[in-house]
Amino acid sequence: MISAGDPARVLQMKTNRICAAACAAIMAVTTACSREDVPAVAAPAVTVATLSPSIVQLDDELPGRVAAVRTAQIRAQVGGIVLKRLFEQGAEVKAGTPLFQIDPAAFHAEVDSAAAMLQRSEATLARTRVQSERLQSLAAAQVVSHQARDDARAEHQQALADVAQARATLARRRLDLRYATVDAPIDGRIDQALVTEGALVTASDATPMAVVQELDQVYVDVRQPASMLESIQRSVVSGQLDKATGLPVTLLGSGGQAYPEKGRILFSGINVDAETGDIVLRIVVDNPERRLLPGMFVRARVPRGVQPAALLLPQQAVLRSTGGQAYAWVIGKDGKAVIRTVEIDGQVERQYVVKHGLHAGERVVVEGQERLQEGVVVDARPWKHPQTTGALGAP
């Protein structure tokens, strides 16, 4: 207990009370100010697309290479020195157009020699025919022996054979002379000459003299998983795809642009690659403008079938986890965002076709996913999407 006669201690107690009251007042004011200055957290703004079913044609984009419908390697059928090149490199040629001229002098000499042998054989034939006829009559009159008559007849038959052989030899020599002029076997575009004037060529050369390729039509060979081929066959059986039209195919260049020329599937291979499980599809494409050249890399958009109630989702609405799993943010009826795992089944005009995970009528976040957390209330606004051409219409 403090006595009244101790003024220092009384003053100290009064000072402590004043300081405590001031601190309490400051804390009250600070708490009140903090409550009034901190605003409420705003709901994140996102754009959403409402899923609705559409009729779409599903396509598969497959890599492929262009090949000529017909390719002819120009080779010499006789040996000799090339005298002239008779075509412009890179030009269009017709079947039968002379391309190279091989020195024909030796072949002319062989033709003349074969013609002389034929004349000699024909002269021998005429002599043996007269001799056989004479001995035939003498043998009938028993002037000569039957042995002499038979020998004359055999010589006549041998002369006939010699004439036939000489005619065949002459025909072969004339054929060699004609082969001295190397002609184009097919219509098409000829590439560069692979031999020059003065070169010695033979029929056994490994390198052709030139190559002619028919480019009015080209083939595109693509590889497709055998499981996808089954879906095409089911679509044909169900009538969704018309096999009579050849299953039309759109070709895309390396930059993604579509070629105006349309192709059609000719056939699929009968063997499945045991290592990859792929099967080869051959596509034929009309190529009047020569836009497609052999060896060119293209992508073929192959129809797989028609889905009558497909859900299309903009590509930016689909995200991928580190493991590659596709997912999307969905806004529930309570306005809260939830993550939904989805399964994609191809794409149509920059939109994914949803196979599993979403339902018609649900709202999916297209823009603003980076602001979301599981269970947070969002400010959802409609997403304005561009017109697409992949959907065929509402079911």
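This is a predicted model: local features need pLDDT of at least 70, side-chain atom pairs count only at pLDDT 80 or more; totals for chains, interfaces and linings use all residues.
How many bridges join strand β3 to strand β5, and do the two strands run parallel or antiparallel?

**View 1. Pairing of strands β3 and β5.** Strand β3 spans residues 80-85 and strand β5 spans residues 98-102. The two strands run antiparallel and are joined by 3 bridges. Within this pairing, K84 stands opposite Q101 of β5.

**View 2. The open sheet that contains β3 and β5.** The sheet is built from 4 strands in the order β6-β5-β3-β8, and the pairing is antiparallel. Strands β6 (181-183) and β8 stand at the edges with a single partner strand each, so one side of each has no neighbour in the sheet.

**View 3. L200 in the edge strand β8.** L200 lies in β8, which covers residues 200-201. The relative accessible area of L200 is 60%; this residue is therefore classed as exposed, the cut-off being over 50%.

**View 4. A nonpolar surface patch formed by I81, L83 and L200.** These three residues make a patch of about 270 Å². One of them, L200, belongs to strand β8.

View 5. Of its 395 residues, 32% count as buried. Among contacts between residues at least 6 apart in sequence, 75% join residues at least 24 apart.

Terms used: Residues are numbered from 1 along each chain as its sequence is written. Side-chain values use heavy atoms; hydrogens and water are left out. Buried means under 20% relative accessible area, exposed over 50%, partly exposed in between (1.4 Å probe, protein chains only). Contact means heavy atoms within 4.5 Å. Patches are made of residues with over 30% relative accessible area and no salt bridge: like charges are joined within 9 Å, nonpolar side chains (Val, Leu, Ile, Met, Phe, Trp, Tyr) within 5 Å. Accessible areas come from the Shrake-Rupley method with a 1.4 Å probe; for residues, only the protein chains shown count as cover. A salt bridge is a side-chain nitrogen of Lys or Arg within 4 Å of a carboxyl oxygen of Asp or Glu. Two strands pair if DSSP finds at least two bridges between them.
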